[in-house]
Amino acid sequence: MESRGRLLLLLPLVVVLLAVIGWPLLDTFWLSFTDARLGGQTGTFIWFDNYLHAFRAPAFRRALFVTVAFTVCTVAAEMLIGLGVGLLLDMDLWGRKFLRGLLIVPWALPTVVNAMCWRVIYNPDFGALDALLNSSG
């Protein structure tokens, strides 16, 4: 019974996700099998002709190759750099704790900046929220 209640609480999230992500995705997939043009016209069903036309075009094949090559190279480089930095920080080096702390700064800084911004907004003397509330009566 308890798991059924949990699933029931997740139902609104699932409905919103299906409406926001699922429907446009399915609609786009369906449109890819038609000859529809921009402007809201409904096209006729042409099966895989759009895909065959795209794969026959040299520009598409070149763009696909460049995209795949870029993805493979950047993911491999990021993994190697991350692994190297991780192994380097795992070694017994002088200043290791300082370097670890330095690596956390980019991760923690946005949270601190956000908190400081909200602190200024909520300030009762000169905050933007106070000014808005005072101006509205």
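The mean pLDDT of this predicted protein model is 90, and 99% of its residues reach 70 or more; pLDDT is the predictor's confidence in each residue, from 0 to 100. Confidence is lowest in helix H5 (residues 128–135), with a mean of 85, and highest in H3, at 95. Helices here are DSSP runs (H or I, at least four residues), numbered from the N terminus.

Residues are numbered from 1 along each chain as its sequence is written. Local features need pLDDT of at least 70, side-chain atom pairs count only at pLDDT 80 or more, totals for chains, interfaces and linings use all residues, and side-chain values use heavy atoms, with hydrogens and water left out.

Now for a look at salt bridges. A search of the whole structure finds one salt bridge, meaning a side-chain nitrogen of Lys or Arg within 4 Å of a carboxyl oxygen of Asp or Glu. The side chains of Arg6 and Glu2 meet in a salt bridge at 2.7 Å, N to O. These two residues sit four apart in helix H1 (residues 2–31), so about one helical turn separates Arg6 from Glu2.

What about the cysteines? The structure holds zero disulfides, a disulfide being a pair of cysteine sulfur atoms within 2.5 Å.

The table lists accessibility for residues from both topics, where buried means under 20% relative accessible area, exposed over 50%, and partly exposed in between (1.4 Å probe, protein chains only).

| Residue | Relative accessible area | Class |
|---|---|---|
| Glu2 | 58% | exposed |
| Arg6 | 53% | exposed |
| Cys73 | 53% | exposed |
| Cys117 | 43% | partly exposed |
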